[in-house]
Amino acid sequence: MAGSRLPRRLFLQGVAAVFMFAFASLYTQIPGLYGPEGILPARKTLRPQGKGRWQQLWETPTLLWEAPRLGLDTAQGLELLSLLGALLALGALLLSPLRHPVVYLLLWAAYLSACQVGQVFLYFQWDSLLLETGFLAVLVAPLRPASHRKQAPQGGRAGALPHEDLPFWLVRWLLFRLMFASGVVKLTSRCPAWWGLTALTYHYETQCLPTPAAWFAHHLPVWLHKLSVVATFLIEIAVPPLFFAPIRRLRLAAFYSQVLLQVLIIITGNYNFFNLMTLVLTTALLDDQHLAAEPGHGSRKKTTTSWPKALLATLSLLLELAVYGLLTYGTVHYFGLEVDWQQRTIHSRTTFTFHQFSQWLKTLTLPTVWLGVASLAWELLSALWRWTQVRGWLRKFSAAVKLSLVSTATVALFLISLVPYSYVEPGTHGRLWTGAHRLFGAVEHLQLANSYGLFRRMTGLGGRPEVVLEGSYDGHHWTEIEFMYKPGNLSRPPPVVVPHQPRLDWQMWFAALGPHTHSPWFTSLVLRLLQGKEPVIRLIQSQVARYPFHKQPPTYVRAQRYKYWFSQPGEQGQWWRRQWVEEFFPPVSLGDPTLETLLRQFGLQDKSPPRARSANSTLAQALHWTRTQLSPLEAPALLWGLLVAIGAVRVVQALLAPWSLRSSPLAPASGEKRRPAPHKDSGAASEQATPAPNPCTSSSRTARRKK
């Protein structure tokens, strides 16, 4: 990983941006989800058990235990955490001094605290991914900005420290685990749509929150859908091992393939901050040279190289071509690709069986673990090499202490991550070192490492199941209750809400996949609608006047299950068509025995009074005032406004940068000319001592200008 200063900076900025979006999105939904009148009040989740303060904090790690000390209930404490988290993340995104380990530790702790009380609405894989990535950012973030460090020793890279690249390798390993597991589980699930390469003929219309572009993608030719599935398997299963390739061009090819996949998903689906988070992880595949962090690289003159280097460059090119050829042959062979020139299509089909794939996975999973071990070992040796180049015994001792601590943390996190990664193949899971299992078990509740597997099975093969709520005053005339984001009105186009995640709409999608008893929270939603609780109504319609029962709560509420399909081209004014399937939830009213039985069965009756708190405290009043000011804004508009504001600040910073350079004491005096930096061959040890020698990375570097 040669020269990762700029990729690390992009990573830290990206993590801060995702934290900001996640906290801001959650903040807008707290009253309706977790407030005293919400669907699942957060105060029910934190009940003191008579344990010691620190034991209680370790077993349920959330800062919300301290909310009563501030005169706040649990939901208000969650609001405070979300506001502070969003502001702190915004500061880290805009100001480099705030990209500090302590700041990222606070962001991680705040989001972990929210997840402890978030219940089913925060049980998504991207929430776990954000927690794991956020903790890695704690290790990646520098203790001191590079500009504040002393001059690097002669032969070292300016401002570079031996240990800096080690934690960033864990980001690459996390990206590998995420993508490889997501590809493998599609086949281990035995889903007929994935095995038949027809998954994308259903995906665009059956995903939780499609975008308008999904309608157009859905109507693409079937052969193109099947070819896209083949490309998905290629990108998610075959390409990830290239993340650790010693040839940088292979890593860059892997980077662009991952970016392509994530961008296409963003265009056709509203997956909140998940795809943005994945794009942030891909920065671990980049280097300073590719991001033009070394000025003058492209303008240097060609110099003669020695024959060993020319031979090495030739071998690297041949190896690169061999990898591309192997990927092409494997794709054509295992998916039976055939070009039909007459119809101008490409036919594809799986030519291997589930048993063959299982044997292949059993053979390959453990070697991928050893691939990670070998790559990490190389990074450790590289860091040790950089440490040997440090000059001065005091600085060398300091660097040794830091290197030891970071190396230990990196190896420990790698061992912990092996346990959830091995879930993709049970045989490998049982063969792991028992110490890794014990280490993972000790910190599992902190979510430092998680298992992943996105889009395991394709749902809605016979039509998209959708739950439609209805209300009535007399039990005979029913009015549909339309949500802001999920499909309902047949003539309303799908929305674009990225990076916001409307968590109730998402859970409504999951609820439609089974009976309502599999989603206990749905009974609580019905109760709140019968009670006419405004915080819950705002989850459905942020403008309460658009809610059909805003003047008086309905006397009866029921739910119907429909099947939805995208409309066909040519159907004017229609985005969807639907067909009634069955009753999902029976008609109930307040005090109805059926409703009371369900509430009692799911433990949703809470007769205990809320904890005593001071409603007149300054902090509570400030939170109430902030909520009042922001409540008129729809959540996507709020997040997009933040995005526009960040862009404006960035433009101002870019415009002011030349003036700050001129006023800097390090800037050359007027009339003084800068001497061009001498260009030397990067292979010389005297020129590039800080990064470890990488024989497969053929690239020259700009020599550091002497001061």
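The legends below describe close-up views of a predicted model.

**View 1. Leu469 and the nonpolar cores.** The largest nonpolar core has 177 residues, and Leu469 and Phe522 are those with the most contacts inside it. Helix H7 (residues 165–188) gives the most to this core, contributing 14 residues, while a second, separate core of seven residues includes Tyr27, Leu72, Ala620 and Leu623. When neighbours within four places in sequence are left aside, the residues in contact with Leu469 include Thr479, Glu480, Ile481 and Phe483. Also among the contacts of Leu469 are Met508, Phe522, Leu525, Val526 and Leu529, together with Val557, Arg558 and Ala559.

**View 2. Glu236, a buried acidic residue in helix H11.** Glu236 has its place in helix H11 (residues 222–238). Because its relative accessible area is 6%, Glu236 falls under the 20% limit and counts as buried. The side chain of Glu236 reaches the backbone nitrogen of Gly183 at 3.4 Å. Apart from neighbours within four places in sequence, Glu236 is in contact with Met179, Phe180, Ser182, Gly183, Lys186 and Leu261.

**View 3. Helix H4 and the contact at its start.** Helix H4 (residues 74–94) has 21 residues and reaches 30 Å from its first C-alpha to its last, which is close to the 30 Å expected at 1.5 Å a residue. Of the 21 residues of H4, 17 are buried, so this helix is largely enclosed by the rest of the structure. At the start of H4, a side-chain oxygen of Asp73 reaches to within 3.2 Å of the backbone nitrogen of Ala75.

**View 4. Helix H6 and its covered residues.** Helix H6 (residues 125–140) has 16 residues, and the distance from its first C-alpha to its last is 22 Å, close to the 22 Å expected at 1.5 Å a residue. H6 is mostly covered, with 14 of its 16 residues buried.

**View 5. Gln29 in the loop between helices H1 and H2.** Gln29 lies in the loop between helix H1 (5–27) and helix H2 (30–34). Not counting residues up to four places away in sequence, Gln29 touches His500, Gln501, Pro502, Arg503, Leu504 and Leu539.

View 6. Val280 lies in helix H13 (residues 274–281) and is buried, with a relative accessible area of 9%. Val280 and Gln13 are 267 residues apart in sequence, but their C-alpha atoms are 8.7 Å apart in space. With residues up to four places away in sequence not counted, Val280 touches Phe11, Gly14, Val15 and Val18.

How values were computed. Residues numbered from 1 in each chain as written. Predicted model: local features only at pLDDT ≥ 70, side-chain atom pairs only at ≥ 80, totals over all residues. Heavy atoms only, no water. Helix = DSSP H or I, 4+ residues; strand = E, 2+ residues; numbered from the N terminus. Expected span 1.5 Å × (residues − 1). Buried < 20%, exposed > 50% of the residue type's maximum accessible area, 1.4 Å probe, protein only. Core = buried A, V, L, I, M, F, W, Y, C linked by side-chain atoms within 4.5 Å. Contact = heavy atoms within 4.5 Å. Polar contact = N/O pair within 3.5 Å; in protein donor to acceptor, adjacent residues only side chain to side chain.
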